[in-house]
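This report describes a protein model, beginning with the surroundings of a single residue and then turning to the overall fold. The sequence and structure are shown first.

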Amino acid sequence: MWNYSNAPRCTVCAHRAIVTKHQAQRLVNSSGGRLVAYQCPIELSSWHVWAPEFERGGGSASR
Ligand SMILES: [Zn+2]
């Protein structure tokens, strides 16, 4: 079974995990909107997910 932590990393995108569009969408859905999916600018078949709230510096948690 696919595992996020075992996913290959993208060297041009700060070593984010490379996932398929489908996997990215599932992660976004299961995160309740905390994760955002975006297409890799280099490898167009690759997608990444990230958490803006989480990564944009912890200090002020709005909400
Ligand atoms: Zn990338």
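Which residues does L35 touch, not counting residues up to four places away in sequence?

## Residue L35 and its surroundings

L35 touches L27, V28, V49, W50 and A51 once residues up to four places away in sequence are not counted. Two residues are taken to be in contact if their C-beta atoms, placed from the backbone, lie within 7 Å. L35 itself lies in the loop between α1 (21-30) and β3 (36-39). It is partly exposed, with 18 other C-beta atoms within 10 Å. Between L35 and P52, 17 residues apart in sequence, the C-alpha to C-alpha distance is 7.2 Å.

## Model and numbering

This is a predicted model, in which local features need pLDDT of at least 70 and side-chain atom pairs count only at pLDDT 80 or more, while totals for chains, interfaces and linings use all residues. Residues are numbered from 1 along each chain as its sequence is written.

## Overall architecture

The protein has two helices and four strands, and from the N terminus on these elements run β-β-α-β-β-α. Helices (H or I, at least four residues) and strands (E, at least two) are DSSP runs, numbered from the N terminus.

Of the 63 residues, 11% count as buried. A residue is buried if 20 or more other C-beta atoms lie within 10 Å of its own, exposed if 12 or fewer, and partly exposed in between, with C-beta atoms placed from the backbone. Among contacts between residues at least 6 apart in sequence, 33% join residues at least 24 apart.

## The nonpolar core

The largest nonpolar core is made up of five residues: A17, V19, A24, W47 and V49. Such a core is a set of buried Ala, Val, Leu, Ile, Met, Phe, Trp, Tyr and Cys residues joined through C-beta atoms within 7 Å.

V49 is found in strand β4 (residues 47-50) and is buried, with 20 other C-beta atoms within 10 Å. Leaving aside neighbours within four places in sequence, V49 is in contact with V19, A24, L27, V28, L35, V36 and A37. The C-alpha atoms of V49 and Q39, ten residues apart along the chain, are separated by 8.7 Å. For W47, the contacts beyond four places in sequence are V19, T20, K21, A24, A37, Y38, Q39 and C40.

C40 is found in the loop between β3 and β4 and counts as partly exposed, with 16 C-beta neighbours inside 10 Å. Not counting residues up to four places away in sequence, C40 touches C10, C13, S46, W47 and H48. A separation of 8.8 Å lies between the C-alpha atoms of C40 and V12, which are 28 residues apart along the chain.

A51 lies in the loop between β4 and α2 (52-55). With 11 C-beta neighbours inside 10 Å, A51 counts as exposed. Residues up to four places away in sequence aside, A51 touches R34 and L35. The C-alpha atoms of A51 and R34 are separated by 5.8 Å, with the two residues 17 apart along the chain.

Most residues other than glycine have a negative phi. A14, although not a glycine, has a positive phi of about 55 degrees, and H15, also not a glycine, has a positive phi of about 60 degrees.

A14 lies in the loop between β1 (9-10) and β2 (16-17), and H15 likewise lies in the loop between β1 and β2. A14 is exposed, with 10 other C-beta atoms within 10 Å. H15 is exposed, with 11 other C-beta atoms within 10 Å.
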